[in-house]
Each structure stands twice: as structure tokens, then as C-alpha cells.
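Okay, thanks for making time, everyone.

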Amino acid sequence: MDNYEYESDYTKDEELEQTDKKKFRNGMFWGALIGIVVGAIVTTITAVIVVNSINKSKENAVLEVPEDKIEKLEYLYNLIDRVYLEDIDEDTMMEGIYEGLLDAVGDPYTEYYTKEEFDKFKEEMSGEYYGIGVMVSQDLRTNIITVTNVFEGAPSYEAGMQVGDIIYKVSGTDITSMSVSEVVSMIKGAKGSKVEIVVVRDGEEKTFSVERRPVAIPSIESKMLEGNIGYIQIVQFEDNTDEQYVEAFNKLVDQGMKALVVDVRDNPGGSLDTVVNILDTVLPKGLIVYTIDKNGNKEEHKGKDNNEINIPLVVLTNGNSASASEIFAAAIQDYEKGTIIGTTTYGKGIVQRLIPFSDGTAIKITISTYYSPKGNNIHGEGVTPDIELEYDRNQEEDNQLKKAIEVLKEQM
């Protein structure tokens, strides 16, 4: 999975009631417009949305779109239909309206997915696809897309791509103004086909021709380090990452683990439920994280048992540790369960909900702010490490991991 930057608690059963469905006089049917803002675009319009899981304080949210807005939209459509030189694709125009509506919210994490885009997202969540085996992350402040993981044995690894490469072109197209999802779509393709990728590395351009092959992406990597120190890297928090984490942890215990490093550097986030489940195995029974929505409704996520770890722990973070990774680091820090080493995290302290629709499309929409057990919201701020240490790319040895081992040895 060439990475996405989401956090979702994956609600599956949103309901949408539409009222007064009619057709425009040109015969075009205006169906459900997203379902969060507008239910139908007609001469007289009322959207009735059942949003119990999003807005617990209201049984039904009713939104009436002003008549002048409807008239303007209808006028613009008919004007295009009447005077625009080329033929128009009605479906494409509708998708543009839906996408524009979500984009106008002004939140980079709230977006609309066409059926094709949502199918690709579900493919990514399945853990296997035809691609090159890299994980990428986009800095939404600069739009730069950086390679954050190159999976050993994958086509990208064989071609010579490296962590830190900045993607500049894909198949001859400059991608510097594109979203990460658009770039990922360009990188993936038919089995056996090749994609040309131009990256910037240390100020120089490098070009790679990479074959697309079936790629199964692990979300957990683990090994035993010197001195019986276990190491678990959480690549991202997928639906089954908690199960993989427990399996990796137990194997390290069987090998005589006396201390543990959990690496969430370059981890873009993922499932809220998954990170809570993992933290439940690390922390004592109690509050792990809580969220507050726009109406002040608070939802707490707590540990279910007292199966906390009782060995020295270090968590490695960097500026690409985002969302669920920050929930992980913040909870460890609040409970003083381990030492955070590295650099300040990305600062994404808001939660999105993924809402699929019956036509195969979906939206992702920001619904709440999350807070650490002590009530800290790191949105825009990030989690500050206990020991701040920049990664030194000029050293062959991972200096942040080296520091983690030093700290753990002192505590063992």
C-alpha cells in the first residue's frame, strides 16, 4: 500500500434519507449530494440525514438549501449545456460538485471519494495490491511527497529507491501539485507493467523504472536487538495490526526480551480502534484517549484489563509520526510508561469518520478532536519527545535507535 494519511474509526452503517427527489427540466437527475450537507438538489429541497453516530445530540438534522442557491446552480448547468463548445459528461460534472462541496470545507482531511477512488482505498486496506512496495507521506503544509518506507524484497527496493526520496515525477508527469492519493493511483497499475519515477535525493534527480508486482505490505516488523532488547516497528495502524503486534510481542517474550523499543517513526496513523487495542496491552486499565465533537459530546476509550507491560520501554517518533501514532506516544508519555525519543510528531489531533454510500462512493469527514489521558490536544503542536534527537542521515548507524538502546540499558 503506497500509503494514505487517514485516521478513521470505520463506521459502516450511516443512514441517509432523501426527500423530494425530482429531475431538472433538462432531464438530468440530481441524486443524493454527499448526504452530509445536502440530500437532493431540486426546486424545493430538504435534506434529512440520520446522523446518530456523528451527532448524538440530535435525532435528525434538517438542512434547507436557499432557493437562490438552487436557481444559480441550475442556471450554471444550463449555461454550460447551452454555450460550452464541447460535449459535457454529466456524471463527471456531478462528481466535481460533490468533490468541490467537501473541498470547500477547507479541511485537508475531509474529502470525497469517487467509486474508483474508494475501491482503491479498500484495496489498500486489504493489504495487497499491484505496485512497487513503498510507503509515502505528504506534508500538507508543503505538498511534498516523501518515501517513508521501502519494503525489503519489493520492486522499489530492488530498483534502489530509498527512504527520504522526494517524489518529483511519475510517468513523466510533475506531481508536485497533486494529492498523495492521486500520486499513489499513478504509481499503482497492471501486474507486470512498469512505472518511471523521478525522485530528488540530496539535491539531485534520480530516475527509476520499477515493475509493478503483487505487494503484500506488513504493518509490523520485529526483531531482537543486542542485550535482549526487543524492537517492534509499527508501520501503520491497519485493522489487524493489533493482532500482529501481540504476536510479535509474544515471540520476543519467548526469546527472553528484557526491554522494548516501539518505533512509530514515519507512521501516518490509521485505525483508532487498533491503536487503542495495542495500548491496552501496554498500559494499566484506564483512560487511553477521548474525543469531543462539535456539540461537546465526549467519547472515552479505555483499557479493558490490567495486562500492562513491566519492562523498560522507549518509543521512537519523528515529524512524520501522525494521528494514531501520536495517540500512542501521548498515552505512553501521560502514563509515564516509557521514554519518547526522537523529534516532535506531526500534530494531527483530529479524527475522521469514513462514510460509504450505496452507489460505491464515500466521504471522509473530520468529526472530533482527540485528547490524551491528561487532556492534552496535540493538534497543530505534536507530541514533544522526552529526549529530543534529530536523525543523522550521515551516519550508517541509526543514531535515534542507538540512543534508545543506551537509555534502556540504563533502566534494565
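So, how do α6 and α7 run relative to each other: roughly parallel or roughly antiparallel? Before I answer, the housekeeping: this is a predicted model, where local features need pLDDT of at least 70, side-chain atom pairs count only at pLDDT 80 or more, and totals for chains, interfaces and linings use all residues. Residues are numbered from 1 along each chain as its sequence is written, and side-chain values use heavy atoms, with hydrogens and water left out.

Helix α6 is residues 241–254, helix α7 is residues 272–280, and they pack at an angle of about 25° with their axes 8 Å apart. Axes here are lines fitted to C-alpha atoms, for helices over the stretch in contact, and angles run from 0 to 180 degrees between N-to-C directions. So α6 and α7 are roughly parallel; the cut-offs are under 35 degrees for roughly parallel, over 145 for roughly antiparallel, 65 to 115 for roughly perpendicular, and oblique for the rest. Their crossing is right-handed, meaning the near helix is turned clockwise from the far one by less than a right angle, with anticlockwise being left-handed.

Who makes that contact? On the α6 side you have T241, D242 and Y245, and on the α7 side T274, N277 and I278, with contact meaning heavy atoms within 4.5 Å. By class, that's two nonpolar, three polar and one charged residues. For the classes, Ala, Val, Leu, Ile, Met, Phe, Trp, Tyr, Cys and Pro are nonpolar, Asp, Glu, Lys and Arg are charged, and the others, Gly among them, are polar.

T274 is buried at 2% relative accessibility; buried is under 20% relative accessible area, exposed is over 50%, and partly exposed is in between, with a 1.4 Å probe and protein chains only. Leaving out residues up to four places away in sequence, T274 touches F237, E238, D239, T241 and D242.

Now the other partner of α7. Helix α8, residues 324–334, packs with α7 at an angle of about 25°, their axes 9 Å apart. That makes this pair roughly parallel too, and α7 passes α8 in a right-handed crossing. From α7 the contact uses L272, V275, I278 and L279, and from α8 it uses A324, I327, F328, A331 and I332. What's the class count here? Nine nonpolar, no polar and no charged residues. I327 is buried, at 2% relative accessibility, and its C-alpha atom is 9.0 Å from that of V383, 56 residues apart along the chain.

Most residues other than glycine have a negative phi. S171, in the loop between β9 (166–170) and β10 (173–174), has a positive phi of about 55° although it is not a glycine, and S171 is partly exposed at 46%. E336, in the loop between α8 and β21 (339–342), also has a positive phi, about 50°, and E336 is exposed at 66%.

Zooming out, the protein has nine helices and 24 strands, where helices (H or I, at least four residues) and strands (E, at least two) are DSSP runs numbered from the N terminus. Of the 412 residues, 50% count as buried. And among contacts with a separation of 6 or more, 67% come from residues 24 or more positions apart.
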